[in-house]
Every structure is written in structure tokens, then in C-alpha cells.
Amino acid sequence: MPDAAPHAAVPPRPVRTLDEHAAAVLALAGPTPVQAVPLADALGLALATDVASTVDLPPWDNSAMDGYALRATDLVAGAVLDVADDVPAGDTRSVHVPAGAAVRIMTGAPLPAGADTVLPVERTDGGTGRVRVDDVVAAGAHVRRRGEDVRAGQVLLHAGDVLGAGALGLLAATGHGRVDVHRRPRVAVLSTGSELVAAGQPLAHGQIHESNGVQLAAAARAAGAEVVDVVVVPDDVRAVQDALAALAARADLVVTTGGVSVGAYDVVRDALTAVGAAELVHVRVQPGRPQATGRLADGTPVVALPGNPVSAFVSFEVFVRPLVRHMLGASRTRRRTLRARLVGEVRSPQGRRQLLRGALDLSGPEPRVAAVGGPGSHLLGALATADALIDLPEPVTHVTPGQTVTVIDLREHDA
């Protein structure tokens, strides 16, 4: 039998708004320690300091085209010029263009001294010893000037910026081989329930496949975390306590799912209460009313989410994901929101902030969104097709087709 017993009475819990609970969760931890990492390992991490360029970019005047470097004063249609030299990209020599001559040059090669213009090869006869000017260009054409993109000492990126492919390319181009970043937060996931069986295993009557652990681990990785473990334990208080202690030794944050409501066998609630640093609350939100936060014996923060799959998913998005982004050191912790026209109608319980799964359509002149899936927090069928959350304030009970609603865009990826 599980190590639990029916409760004679459940003490009332504090009630919070969604924003109040989100703030409480965000306060559980600060950014992770700073480390210097090679650019190859920095994708998705957040800068710990501002980063400035070490060089001008381009570092010298260079050609934007394959063609001929020359003096603009020698650009006369029909003129034939001696080709004094060839300058390929990567040539480190000091090359000079005499008056009345040209130097054959490739894209990206340094502009020879004396030259101020590049004539594309397409406007010539392509000669190698002598070249004929078939068509002229403006003075200074097709020359990339030193520092026209970036100046040495210019701040490129700021602390808190999350490094994507473009940012990493810029850092490499401006001389940076390593950067100071906050290391990935180490997150452990604990899923509870004696009815849970690993995916792929046969089910007995009364059993279900475990999915919350898989879902939350994936969401944590997508947010930028390193998932150090995913553990499934039965409804046994001692087993939950032992698992929490083991996970705390490896993680910066423990996320649990299930066992946090007011039922007789809600063992996470009992395990956290035994630790002595748990805060059990009800949040005026649907789905995801029962929530808990706390600290384990060694101080590791824990966020306890409901066990219904949709509740767990939505709760992670609005409570845990911002915390993971904050621990990552990202200056922006929340997803983008936008306004969209509602397709169909929706209803919401009075006094609850409703977060409905939605399908976002950005193909028209203005964004549109349609609710997908039923209201039940156990209904997983539409979760995979949802790419937005329709955010309805507490006072709203009914929204008609065509009205504008606030949408949390789940398709946005910044990790």
C-alpha cells in the first residue's frame, strides 16, 4: 500500500493570481554561474557580459565583386588597360595599381593601394594581360570600406542576449573564440503516480503510460536547460522524499508533476510539507489551480506542478519556463504575446484566468487564433497541434467570433 492515508481535514491554501505565483516562482533562483566557453559550445546560452568587437569589420577596404580594381579617373568606355597584377582573396601582399592600369581582383580580396573602384568582370572583355572597359560604373562602386559594418571597440551584444547562429557568426568574425556565458541550468524532473508505466510497455487495467516526465524534460531542454534526470516514482511519501534528495544533489532546480492537490494520496504535497519549506497554493488559473514551491534540505528550489497532462504543460509554460530562462541569464524570460482575432467562440469560468490551447494563423492580413481541444486538463489529443495559448483575463466569461484576444506564441524559439 502507498505510504499515505486519507486526511481528516485539508487546511485552506493561500490563493494567488497567475502573475503573483509567476513572480514567486521566478524569485526561487538567480542566474547560474558564469563560465567561458568556445563559440562552438555557446549556442542557446546567454551572455554574462557585454561583448565588443576586437577588429574593424571589414578589417580593410576590399572588393565586393569579381572584377578589376582601378582608379575611377581611368574609367572610360572603350579604354584598354594593362592588367598589372592578380589579387585573390587571402592575398597578404601589398599591391599597388599604377595610373592607367588595373589589377584583376576577386570578391573579398584587399583593395590595392591607388585603387578606389572595382569594375565587375561582366562589364569588361575579361582580359588577363589587358582588359577592355565595356561599360563604366560610378566612382567608389563595389568597394567595401574598412569598418563600414563594425568598428573596433563597438559593443556587439549585451549581457542577457541569447546566442543564436547569427550572433555566433558575428562573434567569430570580430575575433572572439570564447565568450563568458551563464552555464545551462541543471533541471531534474520527478513524475509521480503508482499508475504510471513507461512508454512502450504493456498496460494492465488501471495503468497509463507515463508522459509528463517526457513532456516536461523536452520543454526544459527547449527552454535552454540541461536535463540531468527524469525519475518516475509510485505514490509513496518515502519514495518521493528519497527521490527528491537524490535529484537535489545533481540539479539546480527540481520540477515535479502530480501529487500536489488535496487528495488522500497526493504524496508530493506530503513529502514537501515534511521538508518544512513548502508553499502550497491555489492559483486562479485554468488549467493548473493546485501549485507548490519550496526548497529541499540542501536549498535546491523545487516547483511542483499538477499531474494532469495539459495542466502540467501550461503550468510549465507560464511558471517554470520563465524561471529556467532567468537562471540561464536571459534578459527576456517570457514568450512573445500578440493580439489575434478569435475564430469561433470560447467560454471561461468567472474568476479564473483561462489559458486555452490554440492554433495560430499568421497567413492573413492580421493574426487569427482558434481554440483546439476540449476544456478538460486530461485531454492530450490536441496538445501536439497547439502552437499558442489563448490568454483570457479573470473577468472574461465569453468571447465571440472576431473579437481580439491576447495570445502567447509557443512557436517562438529563442533557446
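**Entry 1: α4 and α5.** I began with helix α4 (residues 237–248) and helix α5 (residues 267–275), whose axes come within 9 Å and cross at roughly 60°. The model is predicted, so I kept in mind that local features need pLDDT of at least 70 and side-chain atom pairs count only at pLDDT 80 or more, while totals for chains, interfaces and linings use all residues. Residues are numbered from 1 along each chain as its sequence is written, and side-chain values use heavy atoms, with hydrogens and water left out.

Helices (H or I, at least four residues) and strands (E, at least two) are DSSP runs, numbered from the N terminus. Axes are lines fitted to C-alpha atoms, for helices over the stretch in contact, and angles run from 0 to 180 degrees between N-to-C directions.

α4 and α5 are therefore oblique to each other; angles under 35 degrees count as roughly parallel, over 145 as roughly antiparallel, 65 to 115 as roughly perpendicular and the rest as oblique. The crossing of α4 past α5 is right-handed, meaning that the near helix is turned clockwise from the far one by less than a right angle.

Next I listed the contacts (heavy atoms within 4.5 Å). From α4, Val 237, Val 240, Gln 241 and Leu 244 meet Val 267, Val 268, Asp 270, Ala 271, Leu 272 and Ala 274 of α5. I sorted the residues of this contact into eight nonpolar, one polar and one charged. Here Ala, Val, Leu, Ile, Met, Phe, Trp, Tyr, Cys and Pro count as nonpolar, Asp, Glu, Lys and Arg as charged, and the others, Gly among them, as polar.

**Entry 2: what covers α5.** Which residues of α5 are buried? I found Val 267, Val 268, Arg 269, Asp 270, Ala 271 and Leu 272. Buried means under 20% relative accessible area, exposed over 50%, and partly exposed in between (1.4 Å probe, protein chains only). Their cover includes α4, β13, β17, β18, β20 (290–295) and β21.

**Entry 3: α1 and α6.** Helix α1 (residues 18–26) packs on helix α6 (residues 309–328) at an angle of about 35°, with the axes 9 Å apart. This crossing is right-handed. On the α1 side I noted Leu 18, His 21, Ala 22, Val 25 and Leu 26, which meet Val 318, Phe 319, Pro 322, Leu 323 and His 326 in α6. The tally for this contact is eight nonpolar, two polar and no charged residues.

**Entry 4: the cores.** A nonpolar core is a set of buried Ala, Val, Leu, Ile, Met, Phe, Trp, Tyr and Cys residues joined through side-chain atoms within 4.5 Å. The largest has 37 residues, and Val 187, Leu 253, Val 303, Phe 319, Val 320 and Leu 323 touch the most other members. Helix α6 gives the largest share of this core, eleven residues. Another core, of 22 residues, lies apart from it and has Val 237, Val 267, Leu 272 and Leu 296 among its members.

Entry 5: I looked up Val 320, found in α6: it is buried, with a relative accessible area of 0%. Not counting residues up to four places away in sequence, Val 320 touches Leu 253, Val 255, Val 303, Leu 305 and Ser 315.

Val 155 lies in strand β11 (residues 155–157) and, at 40% relative accessibility, counts as partly exposed. Leaving aside neighbours within four places in sequence, Val 155 is in contact with Asp 50, Val 51 and Ala 52. The C-alpha atoms of Val 155 and Asp 50 are separated by 6.8 Å, with the two residues 105 apart along the chain.
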